[in-house]
Amino acid sequence: MNLPEQYLENMKELLGTDFDAYIESFNDSRLYGLRVNTMKISVEDFLKISPFKLTPIPWIENGFYYSEDDKPAKHPYYFAGLYYIQEPSAMTPANVLPVEEGDIVFDMCAAPGGKSTELGAKLNGSGLLVTNDISNSRAKALLKNVEVFGIPNVYVVSEDPKNIQPGFNEFFDKILIDAPCSGEGMFRKDNKLIKSWEKTGPEFYAKIQRDIILTGADMLKPGGKMLYSTCTFSKLEDEETVRHLLINRPDMHLIDIKHYDGFSSGFTYDDELKNMHLEKTVRIFPHKMEGEGHFVALFEKKSDGETPFKGHGIIHKQKNTKLATELEDFLGKLNKDTVNFDIENAKDNIMIKDNYVYLCSPYMPGQKGLRIMRTGLLLGELKKNRFEPSQALAMVLKMSDYPDVINLPASDERVIKYLKGETLDLPEFDGKTGDGWNLFCVDGYPLGWGKFKNGSLKNKYLAGWRWQ
Ligand SMILES: C[S@@+](CC[C@H](N)C(=O)[O-])C[C@H]1O[C@@H](n2cnc3c(N)ncnc32)[C@H](O)[C@@H]1O
């Protein structure tokens, strides 16, 4: 591997006697990880059905190493949103940010969704997740990933965070900033990053990070927690960005991160950093742990004990209260006791735009002027006297939420045919399930919709998501 001279110099200075061990780690093979979607399946149940050879990632309760031959992205369970494929160290930020059910959460640099999918799973259908990426094309991948994961209470935004901040001052309970960075920690995984480091290195990213981190702090509620992470080793992007925040926002301070064997403390190379407790930040080095390089810092905003309840305090209702009968009929079929969103109050939260029906969050304030890619959960589309449920809704549901179901085992070849968009012959379901909209499932986990009649299923799987 051809590493830039300047980079090697920086790493020698950073690592001292550990430098040789770090360089040696480039001879180790790349690691592959997947993270179980605990909103859909417990780790225990996943291990019972998993066809892969999995080994636990020691510091991530729902994370596992898999072997390269396993190809988990080519399995129906992946399409059912049962797991997300993610480099093991990259699982750390969302794992460390203590998101609790009911929280109002912001993921500021979120695409393609590796962290947002875990934040959404931790919310488990409660609270609100606003997930943003400045890049429109990357935000499309983010939208798909949060929808596959079945996160109902999500707004997908594609904006410069500076444009979001004015309407969301001190609004969020938890914020995650997985900042754009020079990517030094990923050189072993992706050597294209080495070339781009030579063009846009730490100085380039440090400027962006300083802006982003201050904007994030301003959107955090007093008493709220914010996590800053990078996948780089550079002190300029890590310790110095933290210093910039703590100097400019004295109401923010670092808090402890639960320690795991192999975590390295951030560097305290002067008195100011010592007083700021930079040792509370964590670096993951590939020569010390089974993962690529990462940096995480967890902050809390001071509170005078009387935290204004901004996020939850104001309830926003939608204007359209009269729902079309066909929409009411469809919602009436869902199992109110189990469905993962507030169906009782759905009427107050439904917005219909260009015949698309959205279930909005009562916690989300106005979003005028923002580029919003998804305004809550897309329930479906109203077409002449009909309601067509959306792919996103299928992913949010459990098999028990809908009365008409076609459930096949992963070993049945018709499952992959379904994912390819083919019409299916299912004579054994004739008379066993209702005609019309059916929820198509694999081993009890929904994949999408189809229309059933006379033993045949017309495929309604979203064309853009098909198995290639
Ligand atoms: C490290 S990646 C995020 C990875 C993501 N958190 C995940 O886990 O899948 C950084 C992201 O920041 C975005 N970005 C770059 N500049 C930004 C800015 N000023 N504000 C918000 N996002 C930005 C990039 O488009 C990129 O998707």
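**Exercise 1.** Which residues does glycine 113 touch, not counting residues up to four places away in sequence?

*Solution.* Let's first set the ground rules. The model is predicted: local features need pLDDT of at least 70, side-chain atom pairs count only at pLDDT 80 or more, and totals for chains, interfaces and linings use all residues. Residues are numbered from 1 along each chain as its sequence is written.

Step 1: Glycine 113 sits in the loop between E5 and H6; helices (H or I, at least four residues) and strands (E, at least two) are DSSP runs, numbered from the N terminus.

Step 2: apply the contact rule, which asks for C-beta atoms, placed from the backbone, within 7 Å. Glycine 113 then touches Ala141, Leu142, Asn145 and Val146.

**Exercise 2.** Decide whether glycine 113 and proline 112 are buried, partly exposed or exposed.

*Solution.* Step 1: recall the scale. A residue is buried if 20 or more other C-beta atoms lie within 10 Å of its own, exposed if 12 or fewer, and partly exposed in between, with C-beta atoms placed from the backbone.

Step 1: apply the scale. Glycine 113 is buried because it has 28 C-beta neighbours inside 10 Å. Proline 112 has 18 other C-beta atoms within 10 Å, so it is partly exposed.

Step 2: Proline 112 is found in the loop between strand E5 (104-107) and H6. Leaving aside neighbours within four places in sequence, proline 112 is in contact with Arg138, Ala141, Leu142 and Asn145.

Terms used:
Two residues are in contact if their C-beta atoms, placed from the backbone, lie within 7 Å.
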